[in-house]
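Please consult the sequence and the structure shown here while reading.

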Amino acid sequence: MSDENLQPVFQIQRVYLKDMSLEQPNSPAIFLEQEAPAIEVALDVGAAPLADGIFEATVTITVTAKVGEKVAFLVEGKQAGIFEARNIPADQLDPLLGIGCPNIIYPYLRANIADVITRAGFPPVHLAEINFEVFYQQRLQAIADAAAAAPAADATTH
């Protein structure tokens, strides 16, 4: 059989919590603060091949809550999934791993982070929905901008 006769395959093999950490450097005193904490959220996604047609995709979220200059808590979670992606055209594989897989993984991570924050004694933080297509396009643009800036930087150093 030739590759042209093979149907595309995309399946979730497993979704799992790869890493979760919680830091509360100013507890218990931080619980006495009356001011609501300021919340900062950082996001990253990644994907790597594990075997032929098998990929691990990850979504990492870091939530930092500060009251003034004091850190109330810092939570970092990494949710991962193992996906089978076979006979997918090369130009569609990267968007599948960078958009489709994070869309599947993110709800699990969102729930895990809310749970850890609540168990730490703080009011839950409900992370907003994320448009991974926009995030993917922004990452591509940042890579293109960096690549365009690199030759100019090289020219000025020589």
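In this predicted model, Arg-110 and Glu-129 form a salt bridge through their side chains, with an N to O distance of 2.3 Å. The pair joins distant parts of the chain: Arg-110 belongs to helix H1 (residues 90-119), whereas Glu-129 lies in the loop between H1 and H2, 19 residues apart. Arg-110 is partly exposed at 25% relative accessibility, while Glu-129 has a relative accessible area of 61% and is exposed.

**Further salt bridges**

In general, side chains of opposite charge can pair when their charged atoms come close. The structure contains seven salt bridges. One of them is between Asp-44 and Arg-139, whose closest N and O atoms are 3.9 Å apart. This pair, too, links distant parts of the chain, since Asp-44 sits in strand E2 (residues 38-51) and Arg-139 in helix H2 (residues 132-157), 95 residues apart. The distance of 3.9 Å counts as a salt bridge because the cut-off is a side-chain nitrogen of Lys or Arg within 4 Å of a carboxyl oxygen of Asp or Glu. Asp-44 is partly exposed, its relative accessible area being 41%, and Arg-139 is likewise partly exposed at 33%.

Arg-119 is exposed, with a relative accessible area of 69%, whereas Asp-115 is partly exposed at 35%.

| Pair | N to O distance | Source of pairing |
|---|---|---|
| Arg-110 and Glu-129 | 2.3 Å | salt bridge |
| Asp-44 and Arg-139 | 3.9 Å | salt bridge |

**Ser-21 and its contacts**

Ser-21 is located in strand E1 (residues 9-23). Is this residue buried, partly exposed or exposed? Its relative accessibility is 27%, so Ser-21 counts as partly exposed. When neighbours within four places in sequence are left aside, Ser-21 is in contact with Leu-74, Val-75 and Glu-76. Of these, Val-75 is 54 residues from Ser-21 in sequence, yet their C-alpha atoms are 5.6 Å apart in space.

**The chain as a whole**

The protein chain has two helices and four strands, and along the sequence these elements follow the pattern β-β-β-β-α-α. Among contacts with a separation of 6 or more, 71% are between residues 24 or more positions apart.

How does the radius of gyration of the protein chain stand against that of a compact globule of 158 residues? The protein chain has 20 Å, while such a globule would have a value near 15 Å. Along the principal axes, the C-alpha atoms fill a box of roughly 70 × 50 × 25 Å.

Of the 158 residues in the protein chain, 30% are buried. The accessible surface amounts to about 9700 Å², and carbon and sulfur atoms provide 54% of that area.

Technical notes
Residues numbered from 1 in each chain as written. Predicted model: local features only at pLDDT ≥ 70, side-chain atom pairs only at ≥ 80, totals over all residues. Heavy atoms only, no water. Rg over C-alpha atoms; globule rule 2.2 N^0.38 Å. Buried < 20%, exposed > 50% of the residue type's maximum accessible area, 1.4 Å probe, protein only. Contact = heavy atoms within 4.5 Å. Areas by Shrake-Rupley, 256 points an atom, 1.4 Å probe, with all protein chains shown as cover.
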